[in-house]
Amino acid sequence: MGNKRKGQLTTDSEWHKHLRKIGKRFFWKGERNAEKKMVNENLSEINDMTEIPSLTFDELFDLIEENRFENPTDKKIAEKIFEAERDWKITSQESLNDFIIVLETETGGTVTKTSLKKLLKKYNRKDTQYGWEAESVCSLLEIFELTKETDLRNIFRQLAEDKVT
């Protein structure tokens, strides 16, 4: 082989005929390890970009109570988020990031207006079992009417960044 080709992450020196079998094994093992390392680096970059700054629901409640918002729209959004979290039966989430992760697992991907509408239809089919969750989804849908954002994670991030800084 002797050189790096397009699509490969590692290089290897020439494979002599008597070392070819073991040389190939070492080369491809190094290639797999380099690929795993590259994937992990890319995932950590993506997680850093999508991570919402730490804002707990206790802090959000304090912000609402003390009326420390720059504009009334932010206050309405914070109230809707807090209302939606209270209606949700799962109490394991302590921050906005935990809550959005729970919502993403429920919707099966990013939390948008259309995915929340589908989730609401699912909950309405089983009305007695998911009554509180359906009410929570309605509160979250009202947030989209207050902003131009299409992704709920971005709305949470903007609200948290405004309050953290």
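Close-up 1. R153 is buried, because its relative accessible area is 8% (buried means under 20% relative accessible area, exposed over 50%, and partly exposed in between, with a 1.4 Å probe and protein chains only). The structure is a predicted model, in which local features need pLDDT of at least 70 and side-chain atom pairs count only at pLDDT 80 or more, while totals for chains, interfaces and linings use all residues. Residues are numbered from 1 along each chain as its sequence is written, and side-chain values use heavy atoms, with hydrogens and water left out. The side chains of R153 and E104 form a salt bridge with an N to O distance of 3.0 Å (a salt bridge is a side-chain nitrogen of Lys or Arg within 4 Å of a carboxyl oxygen of Asp or Glu). This pair links distant parts of the chain, 49 residues apart: R153 belongs to helix α7 (residues 152-164) and E104 to helix α4 (residues 96-107) (helices are DSSP runs of H or I with at least four residues, strands are runs of E with at least two, and both are numbered from the N terminus).

**Close-up 2. The salt bridge between E142 and K80.** An N to O distance of 2.4 Å separates the side chains of E142 and K80. E142 lies in helix α6 (residues 131-146) and K80 in helix α3 (residues 72-87), so the pair ties together parts that are 62 residues apart in sequence. E142 is partly exposed, with a relative accessible area of 32%.

**Close-up 3. The salt bridge between E66 and R68.** Here the N to O distance is 2.8 Å. E66 is partly exposed at 48% relative accessible area, and R68 is partly exposed at 46%. The count of salt bridges comes to three.

**Close-up 4. The patch of negative charge on the surface.** D58, E59, D62, E65, E94 and D98 gather in this patch (patches are made of residues with over 30% relative accessible area and no salt bridge, with like charges joined within 9 Å and nonpolar side chains, Val, Leu, Ile, Met, Phe, Trp and Tyr, within 5 Å). Helix α2 (residues 57-66) gives the most to the patch, with four residues. D62 is found in helix α2 and counts as partly exposed, because its relative accessibility is 36%.

**Close-up 5. The positive surface patch.** K113, K117, K118, K121, K122 and R125 form this patch (Lys and Arg count as positive and Asp and Glu as negative, whereas His and the chain ends are not counted). K113 lies in helix α5 (residues 113-125) and is partly exposed, at 35% relative accessibility.

Conventions. Accessible areas come from the Shrake-Rupley method with a 1.4 Å probe; for residues, only the protein chains shown count as cover. The place of a charge is taken as NZ of Lys, CZ of Arg, CG of Asp or CD of Glu.
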